[in-house]
Number of protein chains: 2
Amino acid sequence: MVGTWHYVLAKHAKAMCSLERELGDKHGLGPSEFEVLDRIVHHDKKLRIQELCDEVHLSQSALSRVVARLEKAQLVSRGVCDQDRRGVFVCITEAGRARHKEALPTQRAVLADIFADAPVLVR
Amino acid sequence: MVGTWHYVLAKHAKAMCSLERELGDKHGLGPSEFEVLDRIVHHDKKLRIQELCDEVHLSQSALSRVVARLEKAQLVSRGVCDQDRRGVFVCITEAGRARHKEALPTQRAVLADIFADAPVLVR
DNA sequence: GTACACTACATGCATCCGCATCTAATGCAA
DNA sequence: TTGCATTAGATGCGGATGCATGTAGTGTAC
């Protein structure tokens, strides 16, 4: 219980730190930016902000800003949703897809390194 | 691998959020404050800042500020180390010990709730 | 149609964090 | 002793986050 918490805390800290450095230096992405990009690529369709909000571990306000940063970097584009004009859909650009593709191996390498000695999760 | 990372990410986000709310509302402590307090109580002796730094998942600067906040709240006291006058040792006060004692069950309850369905960690 | 409650997203604000840097103390070499 | 590299901890600063709130669009009751 407490042991599991310490494990989560330690791995999270290490991984976040490495991801921030590696993704930042090599691809100009923060962990949150990558996570959002990754979710969009995974779905491979126009996504409402709210759909993203359910999958990403960010508050709605933080997500709004991450998307704004991604848009400024031309990695995604935002558009008004026609069915519900309050809504905003996010669409990945070619540049965004390319950036994600080049960053993915970096992320995988970091995780492989950090979770190399990871215990297996068994129910 | 990636699955483990998602697990860590999800549990960390949930736990941090709950801890911040519960510890904050009921005991006026942030998660970092509690973690530092907990480490000090666990060692039960004067600790150098640097020793704490190795155990807590915070940068040296963040730790310095957490200790400053705890001192302002009278939960710990800081003193100059005699052997090495650059060093600072941190000592828990009676109020600090009491606060920790009353907050510990709250933390345990949050963790128990969040890790109730936790998979067992097996090598 | 009007009024009002509700929802989706954006934004002001305060807080916390990490990095870089600063200060003061230590220690070693010349 | 003097000079300089190193270390412990504090602090300035920029950036990211969450909460509360603002703004605009939706839907429902009347």
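Tutor: A residue is called buried if 20 or more other C-beta atoms lie within 10 Å of its own, exposed if 12 or fewer do, and partly exposed in between, with C-beta atoms placed from the backbone. Helices (H or I, at least four residues) and strands (E, at least two) are DSSP runs, numbered from the N terminus. Residues are numbered from 1 along each chain as its sequence is written, while chains are lettered from A and ligands numbered from 1 in the order in which they are written. The model is predicted: local features need pLDDT of at least 70, side-chain atom pairs count only at pLDDT 80 or more, and totals for chains, interfaces and linings use all residues.

The part to look at is helix α4 of chain B, residues 60-72. α4(B) has 13 residues and reaches 18 Å from its first C-alpha to its last, close to the 18 Å expected at 1.5 Å a residue. The expected span is 1.5 Å times one less than the number of residues.

Its buried residues are Leu63(B), Val66(B), Val67(B) and Leu70(B). They lie on the same side of α4(B), because they cover an arc of only 100 degrees around the axis. That arc is the one formed by the directions from the helix axis to the C-beta atoms. On the other side of α4(B), the exposed residues are Ser61(B), Arg65(B), Ala68(B) and Lys72(B).

The buried residues of α4(B) pack against four elements of chain B: the helices α2 (31-43) and α3 (49-55), and the strands β2 (76-80) and β3 (88-92). Two residues are in contact if their C-beta atoms, placed from the backbone, lie within 7 Å. After α4(B) comes Gln74(B), with a positive phi near 65 degrees.

A residue is near a strand of it if its C-beta atom, placed from the backbone, lies within 6 Å. DNA strand D is surrounded by 23 residues, and the closest are Ser61(A), Ala62(A), Gln50(B), Ser61(B) and Ser64(B). Two or more residues of this surface come from each of α4 of chain A and α3 and α4 of chain B. α4(B) gives the largest share, 5 residues. By class, the surface near DNA strand D has 6 nonpolar, 9 polar and 8 charged residues. Here Ala, Val, Leu, Ile, Met, Phe, Trp, Tyr, Cys and Pro count as nonpolar, Asp, Glu, Lys and Arg as charged, and the others, Gly among them, as polar.

DNA strand C also has 23 residues around it, and Ser61(B) and Ala62(B) are among the closest. The most comes from α4(A), with 5 residues.

A word on confidence, for chain A. pLDDT is the predictor's confidence in each residue, from 0 to 100. Chain A averages 94, and 95% of its residues score at least 70. Within chain A, confidence is highest in α4(A), at 98, and lowest in strand β4 (residues 120-122), at a mean of 58. Where pLDDT is low, the predicted coordinates should not be read in detail.
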